[in-house]
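Here are a few notes to go with the model, written for someone opening it for the first time. Have it on screen and follow the points in order.

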Amino acid sequence: MHSLYVFRKRIIILYKRYENYLNYALKFLTGFFFFFGLSSVMGNAMSSAKVFAVSLFMGVLSMIVSGTGFFAMFMLASVLYALSASIETAAVIGFVFFIILMFYVRLFPKESLLIPAMLIAYFFKIPYAVPVFAGLYIGLSGIVPVTIGVFLNWFFSYVPELINAAPKESFAPLTIPDSLIKMYEILNEALAKDSSFIFISVSFAVGLVITYAISRLWVNYNRGISIGAGMAAIFVSHVIFGIMGVVLVGFLPFMFGILASFAVVMAIGFFDMVLDYEGSSKVKFEDESNCYYVKVIPKIKN
């Protein structure tokens with residue numbers, strides 16, 4: 001364990017030495033790969049060179065924009081990618097994002113970063129990490145953006161079908177109403193056949209709440225216990241929904257996702273803060289009105 005703490009200390013010292021450069025690099029890489037991956041999800045008709053150029057530009061902008069600005073870029077890129085393949089689909093995507101931007105993102109810019117985080121986690125097959133992370137660091141307010149992220153992942157899976165229903169080559173102003181009706185029917189039928197995102201959202205919300213609740217308890221190793229309990233809650237609820245037939249996921253990818261998500265959140269918690277529970281002590285002091293009993297747990301210094 002001592003060697004692990006030494007490794008942690010060296011990594012943190014190295015990070016602090018180049019903190020500004022590493023933060024900008026991380027923002028750039030996150031923005032670049034996020035928008036590059038988004039292009040394939042949206043089924044755009046741009047050439048590879050244009051996609052690379054757009055992703056590079058978005059990566060640079062990601063280094064300087066706020067949370068609201070990043071979501072606005074997310075919205076703009078989604079519309080532009082879809083616009084290259086289907087005008088009507090781009091309009092539908094723009095409307096969905098406009099509603100999310102106006103009624104949530106601009107009001108809660110910090111929490112809204114969990115939305116693209118969910119999509120990135122889905123891309124790497126570890127979506128279970130985000131609700132547990134949110135329960136540990138954001139709180140109950142993380143339920144809404146996590147749910148939005150789950151919905152957008154479900155919605156994006158049907159974007160290629162929407163594009164096929166109204167390709168750009170067959171666009172004509174007079175056919176717009178018919179195309180929109182056809183898209184509505186596709187989404188309505190998809191919702192009737194596949195409402196798994198609702199149950200996945202419930203599962204993630206349960207995991208988030210349990211993580212949040214246990215992390216606030218006055219017990220030793222509450223952070224590690226809360227992460228494990230949150231992951232266990234997501235695992236059990238997914239198994240229950242799988243038995244019910246409302247959530248379909250492969251066993252091996254699911255187990256990999258759970259274990260990898262657990263490892264990711266544990267690693268974040270490890271580099272964020274480690275407490276020396278063996279060196280804890282209890283302190284009593286009082287003033288004119290109250291008597292205080294405090295448990296002091298020292299942090300392991302970086």
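1. Start with two rings. Phe-35 and Phe-70 are both buried. Keep in mind as you look that this is a predicted model. The ring centres of Phe-35 and Phe-70 sit 5.6 Å apart with the planes at 55°, and that makes the pair tilted, because only planes under 30 degrees apart count as stacked and only those over 60 as edge-to-face. Phe-35 belongs to helix α2 (residues 19–41) and Phe-70 to helix α4, so this pair ties together parts 35 residues apart in sequence.

2. Now for a second pair, Phe-151 and Phe-155. Here the ring centres are 6.0 Å apart and the planes meet at 20°, so this one is stacked. Both residues are in helix α8 (residues 143–156), and since they are four residues apart, about one helical turn separates them. Is each of them buried or exposed? Phe-155 is buried, at 2% relative accessibility, while Phe-151 is partly exposed, with a relative accessible area of 25%.

3. Those two pairs are part of a wider picture. How many aromatic pairs does the structure hold? The count is 26. One aromatic cluster takes in Phe-34, Phe-35, Phe-70, Phe-71, Phe-74, Phe-97, Phe-151, Trp-154, Phe-155, Phe-156, Tyr-158 and Phe-197. So if you colour that cluster, you'll find both of the pairs above in it, because Phe-35, Phe-70, Phe-151 and Phe-155 are among its members.

4. Next, have a look at how α4 meets α5. Helix α4 (residues 67–83) and helix α5 (residues 87–105) pack at about 170°, and their axes are 7 Å apart. That angle makes the two roughly antiparallel, since anything over 145 degrees counts that way. On the α4 side the contact includes Phe-71, Phe-74, Met-75 and Val-79, and on the α5 side it includes Ile-93, Phe-97, Phe-98 and Leu-101. What kinds of residue make up this contact? There are 14 nonpolar and four polar ones, with no charged residue.

5. The axes of helix α7 (residues 129–137) and α12 come within 10 Å and cross at roughly 140°. The two are therefore oblique to each other, and their crossing is right-handed. From α7 the contact draws on Ala-129, Pro-131, Val-132, Leu-136 and Tyr-137, and from α12 on Arg-223, Ser-226, Ile-227, Gly-230, Met-231 and Ile-234. By class, that gives eight nonpolar, two polar and one charged.

6. While you're on α12, find His-238, which lies in that helix (residues 222–244). Its relative accessible area is 6%, so His-238 is buried. What does His-238 touch, leaving aside residues up to four places away in sequence? The list is Tyr-128, Ile-200, Ser-203, Phe-204, Val-247 and Phe-254.

7. Last one: Lys-125. This residue is in the loop between α6 (114–123) and α7. Lys-125 is exposed, with a relative accessible area of 54%.

Key
Residues numbered from 1 in each chain as written. Predicted model: local features only at pLDDT ≥ 70, side-chain atom pairs only at ≥ 80, totals over all residues. Heavy atoms only, no water. Axes fitted to C-alpha atoms, helices over the stretch in contact; angles between N-to-C directions. Parallel < 35°, antiparallel > 145°, perpendicular 65-115°, else oblique. Contact = heavy atoms within 4.5 Å. Nonpolar A, V, L, I, M, F, W, Y, C, P; charged D, E, K, R; others polar. Phe/Tyr/Trp six-rings, centres within 6.5 Å; stacked < 30°, edge-to-face > 60°. Buried < 20%, exposed > 50% of the residue type's maximum accessible area, 1.4 Å probe, protein only. Left-handed = near helix turned anticlockwise from the far one by under 90°.
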